[in-house]
Amino acid sequence: MKKVLLALVMTWCFGLLGTVFAQTPVPPAEPPAAPAAAPATAVAAAPPAMITDADIKALSGPKAEDKAKGDPGGTITGNVADIPVGDMKKGLTLADVVNQIGQNTIAINFVWTLVAGFLVMFMQAGFAIVETGLCRAKNANHTMMMNFMVYGAGMLAYWLIGFAIQEGGVGAVSNLGGTAPLSSEFAVKLFGKDFGLWGMNGIMLRGSTYDVGVMVMFLFQMVFMDTALTIVTGTAAERWKYSAFIISSIVMGAFTYPLFANWAWGGGWLATLGSSFGLGHGYSDFAGSGVVHAVGGLTAMAMGILIGPRIGKYTRDGKPNAMPGHDITMVLLGCFILAFGWFGFNPGSTLGASANGNLRISSIAVNTMLAGMAGSFAAMCYMWTRYGKPDASMTGNGLLAGLVAITAPSGFVNPTASVIIGVIAGLLVCLSVEFIDRVLRVDDPVGAISVHGTNGIWGVISVGLFADGKSNYAGAWNGVPGSVTGLFYGDGGQLVAQLMGVATLIGFVFTMSFVLNMIIHAVMGQRVSARTELEGLDIPEMGAVAYPDFVLKADAMGME
Amino acid sequence: MAIVGLVITLLGFAVAVASLGMASGNTVRLVIVLVGILVSLGGIMGVLNQAYMKDAIWKK
């Protein structure tokens, strides 16, 4: 059985590799050849017709009696009569029509981005039940509450200052009609170039940032930030003091996350590596493998090291004990919810569905789906081959790993590359979980470091390898004309930019997270007492258990 | 030792950033950035984590 599965996976992987590289050098198709001799009767092309205000005024909507009959076919609803008139004295003009087209474009982008943001918000529910299902029943209330309140605590911190640090200097986002008030970035000179460090407009969304475009940006970026924060609760689950968790989340939402997000997305120094130092299109992270997932995963790693493993996780000689979660149905349901939410995460990161190459949302959605399922398939095969059973929780983690890895490259790669990225992510998450558990001996109850940290970094690197140069978002990315192109398609500089991002994540973000949490630990302690941990965190920390019936049943059976 | 681990981790980041000023060729920059990443990983896994493992709860 093992050999058959192994052979199947290897054949599939090699087949995919062959396919992706075979796609590389295909030249663009020649346009259809013109007829050898044009017909003698051909008429010279007529000059383009000019539309005037008079033409517009000549248009009329459907008659009142027709509308009164109803419109079951939908053929007369929505017409010239629905275009708002700027000046009633002049009536409908060409300017009114053109303005309406512009507003429709922005409206489509607003609605798209907001709905995508709502989907990402729903991912919090997915994270909550995945993490709770992977923890023991005696800590279910505590784990659920951490996932619930990380949303509120992080959001308030982000509104207070985090958003300003991240996006305060991003400048005009054309898809959202401008966001011109976000125009102030603090920068220093290094190697003769500007290094943008943090934004300065948008504190509490006051002043000129009380703006419709800025609000869309805030909502979308805020739910991304909360995703990063909730990753940490998984690693520190079953032993994290609730009050310390609140403070740690506020600090991360206010400073740690926004700072790196500014460097990558807010016009900071990583984004400008292309225009300043000729490194491809600068650090390119389409939807946040690095910004969201690696920041969350590395902060989780810092917390895992800092507060140490759960009691009973390791024997005295350092061998790990399995501590299974209490509800695998919750885990897999949560994975499905997360996969659904990811359709907001990645396609929504275009910040629009109209104009500027945004129709690529279709391929981004397909890439997302493919990589996720490739990840779960690879993880399932690995576990089946290595341990004899298709482990459910690791199959779920394989799905998440594939989704995490495709998040950065989703806007820049083709479907074949997406499957390769997903397969590697699925294998990587299994190997990483084993390494962190057995070699590093960092206790991670839900595998968050491997899913989000390891695969977040893999996603960032994969942009530098697989970006195929076919995407076209308004003709430029990070201020560099053309499309993001990876090493396999001819631009090695892009890989260097991506690795610079990885070095920043591992070297700077991890250190910053560790130091800030070390300070919190020194001031108030981050870990519950051994007695609380053994008893379960629900009663001592939250005052109520998640499943009272379980306790009653245990009492009835004479069990503690 | 934990502080030393953090300093080494941060040093790896500094090495990577320094590559922007030290070299103009992408290959050289690539090598320097990779060195920086390895230094940071060494700081986390080799020094910082080991420092915390000395007092690990399962050793008590």
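Helices (H or I, at least four residues) and strands (E, at least two) are DSSP runs, numbered from the N terminus. This is a predicted model, in which local features need pLDDT of at least 70, side-chain atom pairs count only at pLDDT 80 or more, and totals for chains, interfaces and linings use all residues. Residues are numbered from 1 along each chain as its sequence is written, and chains are lettered from A and ligands numbered from 1 in the order in which they are written.

Chain A contains 18 helices and 4 strands. Its radius of gyration, taken over C-alpha atoms, is 27 Å, close to the 24 Å that the globule rule (2.2 Å times the number of residues to the power 0.38) gives for 560 residues, so chain A is as compact as a globular protein of that length. The C-alpha trace spans about 95 × 65 × 55 Å along its principal axes.

Helix H9 of chain A reaches 25 Å from its first C-alpha to its last, close to the 27 Å expected at 1.5 Å a residue; the expected span is 1.5 Å times one less than the number of residues. Of its 19 residues, 19 are buried (20 or more other C-beta atoms, placed from the backbone, within 10 Å of the residue's own), so H9(A) is largely enclosed by the rest of the structure. Just after H9(A), A:Gly308 has a positive phi of about 80°.

Strands E1 and E2 of chain A pair in the antiparallel sense over 6 bridges; pairing requires at least two DSSP bridges.

| Strand | Residues |
|---|---|
| E1(A) | residues 185-190 |
| E2(A) | residues 193-199 |

A:Glu185 has A:Gly199 in E2(A) as its bridge partner. The two strands, E1(A) and E2(A), form a hairpin with 2 residues between them, and A:Phe191 in the turn has a positive phi of about 55°.

Notes: Buried ≥ 20, exposed ≤ 12 C-beta atoms within 10 Å, placed from the backbone.
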